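Trainee: I have a model open and some terms to check. Can we go through them one by one?

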Amino acid sequence: MSQLDPPNANAEVSALLEENRIFHCSNEFKSHAVVKNADIYQSARENRENFWAECANKLEWFQKWNKVLEWKPPYAKWFIGGKLNASYNCLDRHIKAPLRNKAALIWEGEPGDQRTLTYWDLYREVNKLANAIKSLGVKKGDRVAIYMPMIPEAVIAMLACARIGAIHTVVFGGFSAEALKDRILDAQANLLITADGGYRRGNVIALKNTANNALKDCPCIKNVIVVKRTNTNVDFQPGRDHWYHEITKSVADYCEPEPMDSEDILYILYTSGTTGKPKGVIHTTGGYMTAVTLTTHWVFDLKPEDVFWCTADVGWVTGHSYIVYGPLSNGATQVIYEGSPDWPERNRFWKIIAKYGVSIFYTAPTAIRAFMKWGTDWPEGCDLSSLRLLGSVGEPINPEAWIWYHKYIGREKCPVVDTWWQTETGSILIAPLPALIGQKPGSATKPLPGIEAKILTENGTEIKEGGGYLALTSPWPSMLRGIYGDAQRFEETYWNKWPNGIYFTGDGAKLDADGYFWLLGRVDDVINVAGHRIGTMEIESALVDHPAVAEAAVVGIADEIKGQAIAAFVTLKEGNTSDKKMEDTLKQHVVEKIGSIARPSKILFTADLPKTRSGKIMRRLLRDVGEGRALGDVTTLADSSVVETLKKKYEKET
Ligand code: PRX
């Protein structure tokens, strides 16, 4: 973890940090908590399968499973023989109960427009879209790509797919045409659901136009459903493209939910890895629904009267698990916001919390660090007294940011749950149960009941206290079931580091004397920029795709707000000029290939890259250069002058 200098950490925050305090919830919180009895850790450890079976029982199954787990490492099957439907568990279950008229989604658009959908409203919309999708010939097992702004239809689209057994693959709306195309082609999706546009920082993000560019090379897409959100002009291809409001008008109001096998695929979600090509992480139905339902309830201490707000985008796993499937299967009321936290002013989030009485707020450290920088006047000007629990996700939270969040947003009354997990894990695995585990700022605390995590050395020896690799040593229900179309990559990436079905997370972590886990960031060629995971190879591939570039190496360097920022070292082909114009051209090229999240913050041109004698680029040294540190060991370099020259050049230019 980069021990970042906190932006604007004031003396009070520093003093609290000095105390080395463990933060416990109040007695009041504890007496009403969802989980109060610490025995649950022990009983889950003693009979893990039984624990998970009891959790699965909280869902409604069309047919009960006959075996809890089959584990043939690295392949797991959970709740074998069971049949259920995710959309049924998020909707039908509730409309038969008093929840029928409870608000499911309270949505606010960036321009200030609002919509509230009750469970009944959401149920109707999902049924209609499910029928519309069916009318286009989409069947169980087909893949449907979803490329949407943060509007209720994004949630509706996911649930409609789940209802008919189609596998959704949501592509974050900030990704470029090229990135969308790659994902559509890999999944061989036959339907795309998108919108004309969405709003972000006062601008229209023209999703349909971007999608049109992607679709030029996607013959597998037979139909496109387009939500009218921004009313902007879009090119429509007759026969292929359909307006959402028209296609859902004349269909029946009810669509029978498809009974899905527990191990049928619910969705594929692409995430970055250590190669240039993103991987399609597979999640199935029964185990995933079990774990997201449980963790939403327990970690967030969710009660019927809560107003839950997870600020993630549905394009990321956090949106899948903690906007769609977890909260809705629990019958929660939640807020969804379309736009940026600083639009039109830097208090937009705090105004939303005050306006809707948000009681549980779940966001990313990068956002918290930006709030710190913007200063306490913004939150102090809003009534945040409805908040009772805060969450953090996506990257290590530095202790200063934790304390600031606790003090200025939580008013020292709210437990802060730092939740560690990944796209691959499907649900939160390491986090405090807020009434049972005291929080240490900067630590995700301990594995949840039913989860077994350890710190291992390179050769698999367990470290009881100290740093190493974070490993998951027994299977859990929401674990990924594979990488779409690439079993070999699945085995090599996660399961070949150690024998006997031990999962390699790609994260470094340390364990302290109290058994608390401290996450230290990625140990592979994956970087985490503002909570978004990006592979350095992906950016390098995008750079070398430009005709002027001969070679490129990308590293993550510490950044005050984003956690990590992207620094690219580029060697140009002869005849090209390394000037500001070229720098801007290359940055733009990366944006077009991947999306603005991958835009390098720095590009440094260099005649040579530091390499070992066998030709391997020494990224560690590039990180030293990028972060302005003294150079580490250079003895393995083929030519040690390369890195010295680079360092001098870098210091001169920055
Ligand atoms: O490095 C860890 C970091 O984010 C990675 C997973 O990224 P992604 O699959 O995009 O999922 C993000 C949302 C779950 C992890 O390997 N990470 C996530 N949460 C934390 C974290 N690092 C430290 N503390 C966390 N709470």
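Trainee: Which domains is the protein divided into?

Mentor: Domain 1 covers 121-270 and domain 2 covers 526-653. Keep in mind that this is a predicted model.

Trainee: How far apart are the centres of domain 1 and domain 2?

Mentor: Taken over C-alpha atoms, 36 Å separate the two centres. The contact takes seven residues from domain 1 and eight residues from domain 2. Those residues count because contact means heavy atoms within 4.5 Å.

Trainee: What area is buried between domain 1 and domain 2?

Mentor: About 490 Å², and carbon and sulfur atoms give 51% of that. On the domain 1 side, F175, S176 and E178 supply 62% of the area buried against domain 2. That is more than any other three residues.

Trainee: Why is the pair E178 and K593 called a salt bridge?

Mentor: Set the value against the cut-off. The closest N and O atoms of E178 and K593 are 2.7 Å apart. The rule asks for a side-chain nitrogen of Lys or Arg within 4 Å of a carboxyl oxygen of Asp or Glu, so the pair qualifies. The count between domain 1 and domain 2 is one salt bridge.

Trainee: How many residue pairs are in polar contact across that interface?

Mentor: Four, with both residues at pLDDT 80 or more. By class, the side of domain 1 that touches domain 2 has three nonpolar, two polar and two charged residues.

Trainee: Now the ligand. How many residues surround the ligand, and which are the closest?

Mentor: There are 17, and the closest are D418, T419, T423, D507 and R533.

Trainee: Which part of T419 lies 2.7 Å from a nitrogen atom of the ligand?

Mentor: A backbone N or O atom of T419.

Trainee: How much of the ligand's accessible area does the protein cover?

Mentor: On its own the ligand has 540 Å² of accessible area, and the protein covers 96% of it.

Key: Residues are numbered from 1 along each chain as its sequence is written. This is a predicted model: local features need pLDDT of at least 70, side-chain atom pairs count only at pLDDT 80 or more; totals for chains, interfaces and linings use all residues. Side-chain values use heavy atoms; hydrogens and water are left out. Domain bounds come from an automatic or database domain assignment. Buried area is the accessible area (1.4 Å probe) that two parts lose on being put together, summed over both. A polar contact is a pair of N or O atoms within 3.5 Å; within protein, one must be able to donate a hydrogen and the other to accept it, and residues adjacent in sequence count only if both atoms are side-chain atoms. Ala, Val, Leu, Ile, Met, Phe, Trp, Tyr, Cys and Pro count as nonpolar, Asp, Glu, Lys and Arg as charged, and the others, Gly among them, as polar. A residue is near a molecule or strand if one of its heavy atoms lies within 4 Å of it. Accessible areas come from the Shrake-Rupley method with a 1.4 Å probe; for residues, only the protein chains shown count as cover.
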